[in-house]
Amino acid sequence: MPVGHRIPLWLKLAFTAWILGWAPTYVVMLGHQNFFWLCNLANFLILVGLWTENRRLLSMQLLSVLLVGMLWAVDVGIAWLTGIHPIGGTEYMFNPEHPPVTRVLSLYHLILPLVASFAVWRLGFDRRAIFWQTALTWLVIPLTYLFTDPERNINWVHGPFGQPQDSLDPLFYLAGLMLLWPLAIFLPVHLLMLGLQRWRHMA
């Protein structure tokens, strides 16, 4: 496949169709604030990355969704089997007051890591992605704090695992969250991808 066309057209079209169905549904049922979630923002950025075949943008989103998607799947899976959420933050998936269609659509947490991983496998991993994704996160987190309803606790800016906190000063907590995100979420995936990239070049 020639350079510049390394991501199949069918994947680009399928993901575009997904966005055309998912985004309007979320606006109607959950409101525009829901797009402040980093994982929801990743949907749009992956779409742009697929069509432009932008290695850096797709690498950024792989950092954003891979570990989060795995933890989301573990929490939902164990809760489905045992009724216990070992991590937390996915309780809405079992809340009958939450619209069933949005709960089904939330299964994209399982799909985004696969799409981003495939795209990065085809295009290669950009080792500078961690700096760009950190910068993006440090922009989105304060904007989330300023422009979303506290009771929604989007991106957990008002407390960890979807629960409000009052033990720390809100701004001190927010600063800690901004520091923790790249260290706990992005860095492990970054190191994994560097290791896989090194192995791939040696193979």
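Predicted model: local features only at pLDDT ≥ 70, side-chain atom pairs only at ≥ 80, totals over all residues.
How many residues apart are Trp 22 and Tyr 26, and which helix do they lie in? I looked this up before anything else. The two sit four residues apart in helix H1, about one turn of the helix.

**Entry: aromatic pairs**

I ran the ring search and got nine aromatic pairs. For Trp 22 and Tyr 26, I read a centre distance of 5.1 Å and a plane angle of 50 degrees, so I logged the pair as tilted. That label holds because tilted covers what is left between under 30 degrees for stacked and over 60 for edge-to-face. I checked burial for Trp 22 and Tyr 26 too, and both are buried.

Next I took Trp 22 with Phe 35. Their ring centres are 5.5 Å apart and the planes stand at 70 degrees, so this one goes down as edge-to-face. Trp 22 belongs to helix H1 while Phe 35 is in the loop between H1 and H2, so the pair ties together parts 13 residues apart in sequence. I found both Trp 22 and Phe 35 buried.

Ring pairs join Trp 18, Trp 22, Tyr 26, Phe 35, Phe 44 and Tyr 108 into a cluster.

**Entry: largest pocket**

The largest pocket comes out at a volume of about 1100 Å³. I count 44 lining residues for it, and the closest to its centre are Trp 37, Gly 88, Gly 89, Trp 156 and Gly 162. Which elements give two or more residues to this lining? I got helices H1 (9–30), H2 (38–52), H3 (55–82), H5 (108–123) and H7 (170–202). H7 gives the most, with seven residues. Sorted by class, the lining of the largest pocket has 23 nonpolar, 17 polar and four charged residues.

**Entry: second largest pocket**

I put the second largest pocket at about 220 Å³. Its lining is Ser 117, Val 120, Trp 121, Gly 124, Phe 125, Met 193, Leu 196, Gln 197, Trp 199, Arg 200 and His 201. Here the elements giving two or more residues are H5 and H7. Which of the elements gives the most to this lining? I have H7 down for it, with six residues. By class, the lining of the second largest pocket splits into six nonpolar, four polar and one charged.

**Entry: cross-check**

Conventions: Residues numbered from 1 in each chain as written. Heavy atoms only, no water. 1 Å grid on protein atoms, 1.4 Å probe; cavity = no way out; pocket = protein on both sides within 12 Å on 5 of 7 lines; lining within 4 Å. Points joined across faces, edges and corners; volume = space filled by probe spheres on them. Nonpolar A, V, L, I, M, F, W, Y, C, P; charged D, E, K, R; others polar. Phe/Tyr/Trp six-rings, centres within 6.5 Å; stacked < 30°, edge-to-face > 60°. Buried < 20%, exposed > 50% of the residue type's maximum accessible area, 1.4 Å probe, protein only.
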